[in-house]
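Work through these exercises with the structure open beside you. Try each task before reading its solution.

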Amino acid sequence: MSRPIPTPLPDFRQPGVMLRILQLPALLLCADGLLALTAEQPLWRWLQSALALVPGSLLSLALLALAAPWLSRRRRGAAWVALIAGASFALCQWRLQDDWPRTWTAAALAMAAAPLLLHYLALRQRALSPALAEARLTALQARIRPHFLFNSLNAAIALIRSRPQQAETVLENLAELFRAQMAAPERLSTLAREIELAKMYLAIESERLGPRLTVSWRVDAPPDVELPPLLLQPLAENAICHGAERVAGEVEIVISARVAGGLLELALDNPLPADAAPTAGSGIALENLRERLALLYDAEASLAAERRGDRYQARVRLPCRAARPG
């Protein structure tokens with residue numbers, strides 16, 4: 001009878017994993033803070049608890065992050081994780097309080113908590129298994145707004161007699177966008193490709209909105225940076241639907257890309273009508289993007305959107321990685 005394959009350890013260097021590990025000591029500190037309210041010196045008791053939890057947790061996390069490549073190759077990686085956690089808490093208690101009973105108690109509790117944390121992280125990893133994540137990404141990526149399809153076809157029909165060449169270009173751009181929409185969701189794109197698709201979409205919308213629509217590009221990032229597929233186009237569609245097409249007169253959409261602090265930052269700035277609601281622009285498209293980024297990058301990526309006067313800005317930050325060849 002074959003032995004069961006052990007569950008692989010999480011990547012302790014991943015920010016999302018670090019934050020989830022730190023949730024346990026944070027919750028314990030919050031609970032102890034509530035219990036300490038009935039003590040004679042609540043602040044002192046809470047500080048004692050913080051001294052017992054925080055240094056050991058941070059040292060454990062630092063050592064696990066440093067040892068992550070080595071731990072991933074060990075057959076009994078979970079046991080090593082428990083030993084590292086126990087040794088970290090024991091060392092911190094011994095150096096900070098010089099109390100042997102507390103030292104051994106802290107080490108034992110840390111070693112007991114380590115398997116529980118690993119089990120939680122393993123359950124989460126199974127919940128986001130490749131098959132399930134791919135299915136969710138497919139569903140999220142497949143949501144093209146029907147009115148965009150109808151508007152594009154109407155624009156092409158209106159151009160067939162007067163400008164047949166322009167109508168053909170609209171249909172070619174529309175076909176290319178749908179081809180990208182149907183691509184495998186796990187296949188990553190590049191910044192250059194995403195800009196190309198966004199320009200195709202904006203070219204279609206320019207046929208509807210006419211010369212009053214201006215798009216300014218400020219790209220200061222390598223074109224081969226790795227991106228999820230169809231990241232920019234939904235942002236551009238959101239800017240058109242919630243802003244540009246509802247504003248009278250000339251409108252400008254500003255799209256920028258830059259690298260800052262090891263992160264790729266994409267920003268899209270568009271006008272809003274004067275009577276727009278405070279939450280205008282924060283629709284389904286942005287929620288879909290947030291979920292896709294969470295599936296692909298966990299806590300390493302973020303999407304923030306806010307209104308600034310008569311304009312609306314959506315800003316995406318994600319790891320800046322060069323696309324792998326092939």
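**Exercise 1. The whole chain**

What percentage of the 326 residues in the protein chain is buried?

*Solution.* This is a predicted model. Buried residues make up 41% of the chain. Next, take the secondary structure: there are 10 helices and seven strands. The chain exposes about 18,300 Å². Carbon and sulfur atoms supply 62% of that area. Last, consider contacts with a separation of 6 or more: 74% of them join residues 24 or more positions apart.

**Exercise 2. The largest nonpolar core**

Find which element gives the most residues to the largest nonpolar core.

*Solution.* Start with the core itself. The largest nonpolar core has 47 residues. Leu191, Leu235, Ile240, Ile253, Leu266 and Val316 have the most contacts inside it. Now list the elements that give two or more residues: among them are the helices α6 (146-160), α7 (164-181) and α8 (191-209), and the strands β4 (251-260), β5 (263-271) and β7 (311-319). The answer is α8, which gives nine residues.

Follow one member further. Beyond its neighbours within four places in sequence, Leu191 is in contact with several residues, including Val219, Pro222, Leu227, Ala257 and Leu266. Another core lies apart, with 19 residues. Phe12, Ala68, Ala85 and Ala106 are among its members.

**Exercise 3. A helix and its end**

Compare the reach of helix α3 with the expected value, then say what follows the helix.

*Solution.* Helix α3 covers residues 77-97, 21 residues in total. From first C-alpha to last, α3 reaches 30 Å, close to the 30 Å expected at 1.5 Å a residue. Now check which residues are covered. Val81, Ala82, Ala85, Ser88, Phe89 and Cys92 are among the buried residues of α3. Asp98 follows α3, and its phi is positive, near 50 degrees.

**Exercise 4. Salt bridges around Glu265**

Trace the network of salt bridges that contains Glu265.

*Solution.* The whole structure holds eight salt bridges. Begin at Glu265, which is buried, with a relative accessible area of 6%. Its side chain meets that of Arg258 at 3.0 Å, N to O. Arg258 is partly exposed, at 42%. Glu265 also meets Arg317 in a salt bridge, again 3.0 Å, N to O. That pair links distant parts of the chain: Arg317 in strand β7 and Glu265 in strand β5 are 52 residues apart. Arg317 is partly exposed, with 31% relative accessibility. Now complete the network: Arg258, Glu265, Arg315 and Arg317 are linked.

Technical notes: Residues are numbered from 1 along each chain as its sequence is written. This is a predicted model: local features need pLDDT of at least 70, side-chain atom pairs count only at pLDDT 80 or more; totals for chains, interfaces and linings use all residues. Side-chain values use heavy atoms; hydrogens and water are left out. Helices (H or I, at least four residues) and strands (E, at least two) are DSSP runs, numbered from the N terminus. The expected span of a helix is 1.5 Å times one less than its number of residues. Buried means under 20% relative accessible area, exposed over 50%, partly exposed in between (1.4 Å probe, protein chains only). Contact means heavy atoms within 4.5 Å. Accessible areas come from the Shrake-Rupley method with a 1.4 Å probe; for residues, only the protein chains shown count as cover. A nonpolar core is a set of buried Ala, Val, Leu, Ile, Met, Phe, Trp, Tyr and Cys residues joined through side-chain atoms within 4.5 Å. A salt bridge is a side-chain nitrogen of Lys or Arg within 4 Å of a carboxyl oxygen of Asp or Glu.
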